[in-house]
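Subject: Structure for you to look at

Hello,

I am passing on the structure we talked about, together with some notes on what was found in it. Please keep the 3D view open while you read, and look up each residue as it comes up.

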Amino acid sequence: MAQDPWLLTPGPLTTSLSVKQSMLHDWGSRDSEFIRINGEMRSRLVQLIHGEGSFTTVPMQGSGTFAVEAMLATFVRPKDKLLILINGAYGKRMAKICDYAKRAYSVLEWAEDQPVNPQQVADALAKDKAITHVAVVHCETTSGVLNPIVEVGAVVAQAGRRLLIDSMSAFGALPVDSREIAFDAVAASSNKCIEGVPGLGFVLCREAALKECKGNAHALVLDLYDQWQVIEKTQQYRFTPPIHCIVAFNQALTEHAQEGGVSGRGGRYRANCKILIDGMRTLGFETLLPDHLQAPIIVTFHMPADPKFDFQRFYDKLRDRNYVIYPGKLTVADSFRIGCIGRLSDTEMKGAIAAVKAVLAEMGVKSGAPRKLAASAE
Ligand SMILES: *Cc1c(COP(=O)(O)O)cnc(C)c1O
């Protein structure tokens, strides 16, 4: 079988052969083996945040956004108010979710190349007593910027408010430790740093908080409280579960543990990220973010200034060489993105750099250097 293209994207990602092979069966939703696997998957996820005894995994059929929407709708009551910290598209999406769910909210916004600022969060919480919850994105995949969730957690706890985290693109590679950060819920999905296939979101919920959430959700399918109650009582999902995806996800969790858990997975991604950034800089490209703000997940590069550079041709030619990159999503700069997560090692990352070099030569582009901008005002 020909090698599938390497996905240098924020997800879905390249998965291992063993993860793909784990799906070559049929299971009924009442199958005892599936029920065992589902239970194992739920408890392994709780272990990843060191939440044994106080947290529970509530799986949610669908992509990651289904889990984020379910989290906001279940935890934020109609009479509550959410403060959303925005420095990219995923923060903005949470505001849109609140519009649909008719939840009161306010926002704090930063530029896409800036992390959220905990001191400004503290000030906003001091000013507006109506705010009950704060929502933050862990790694803003729009740019790849890492947000300081430990520090944000500290100011939210200090102010006596509740924290909800979208850790979608970081979960499994960067720590989210429930002993270190006080949060009510964190949402992620099967097809990012755990390296499963798409189809399942999940929300790790503090049980004491989830217990108070009966009747909050505006949509039956997104009601985490009801989903939790039914799975606990019957071991069954309320509606058809994505069984193959869950079985593959549990296999991916086995492989995640074999690699050394969060630190092992994060270590490989950091090594991938370094090869990517060093290699691209050698070719003249510049990253949007300084290294200290960069999460080892996905890297945003400025578009080269050379008039011979054409992004669509660049993309297509890399695709012909079996590397799939990702367009930009920024409003602050013309850019594209290359991910370093998924079942990729130094071999694939070096291969990607060699392919970029060859494609630039084919296009007659001498350097990846961007147009020199006037130093941006701080
Ligand atoms: C990928 C991602 C999501 C969810 O996206 P889906 O396309 O619904 O899976 C949410 N938040 C962040 C930060 C993400 O990276």
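**A buried aspartate and its surroundings**

In this predicted model, Asp166 is buried and yet has no salt bridge, since the nearest side chain of opposite charge, that of Lys192, is 7.0 Å away. A salt bridge would need a side-chain nitrogen of Lys or Arg within 4 Å of a carboxyl oxygen of Asp or Glu. Asp166 belongs to strand S8, which covers residues 162-166. If you leave aside the neighbours within four places in sequence, the residues in contact with Asp166 are Val68, Met71, Tyr90, Val136, Val137, His138 and Ala187.

Asp166 stands opposite Ala187 in S9, and S8 and S9 run parallel, joined by three bridges. On its other pairing, S9 meets strand S10 (residues 200-206) in the antiparallel sense over five bridges, and there Ala188 has Phe202 of S10 as its bridge partner.

How many of the five residues of S9 are buried? Five of the five are, so the strand is largely enclosed by the rest of the structure. Ala185, Ala187 and Ser189 point one way from S9, while Val186 and Ala188 point the other way, and all of them are buried.

**The loop between S8 and S9**

Leu174 lies in the loop between S8 and strand S9 (185-189). Is Leu174 buried or exposed? Its relative accessible area is 8%, and because buried means under 20%, Leu174 counts as buried. Apart from its neighbours within four places in sequence, Leu174 is in contact with His138, Leu146, Val262, Arg270, Ala295 and Pro296. One of these contacts, Val262, is 88 residues away from Leu174 along the chain, although the C-alpha atoms of the two are separated by 6.2 Å.

Strand S14 (residues 335-339) runs antiparallel to S13, and two bridges join them; in S14, Phe336 is the bridge partner of Pro327.

Best wishes

Conventions. Residues are numbered from 1 along each chain as its sequence is written. This is a predicted model: local features need pLDDT of at least 70, side-chain atom pairs count only at pLDDT 80 or more; totals for chains, interfaces and linings use all residues. Side-chain values use heavy atoms; hydrogens and water are left out. Helices (H or I, at least four residues) and strands (E, at least two) are DSSP runs, numbered from the N terminus. Buried means under 20% relative accessible area, exposed over 50%, partly exposed in between (1.4 Å probe, protein chains only). Lys and Arg count as positive and Asp and Glu as negative; His and the chain ends are not counted. Contact means heavy atoms within 4.5 Å. Two strands pair if DSSP finds at least two bridges between them.
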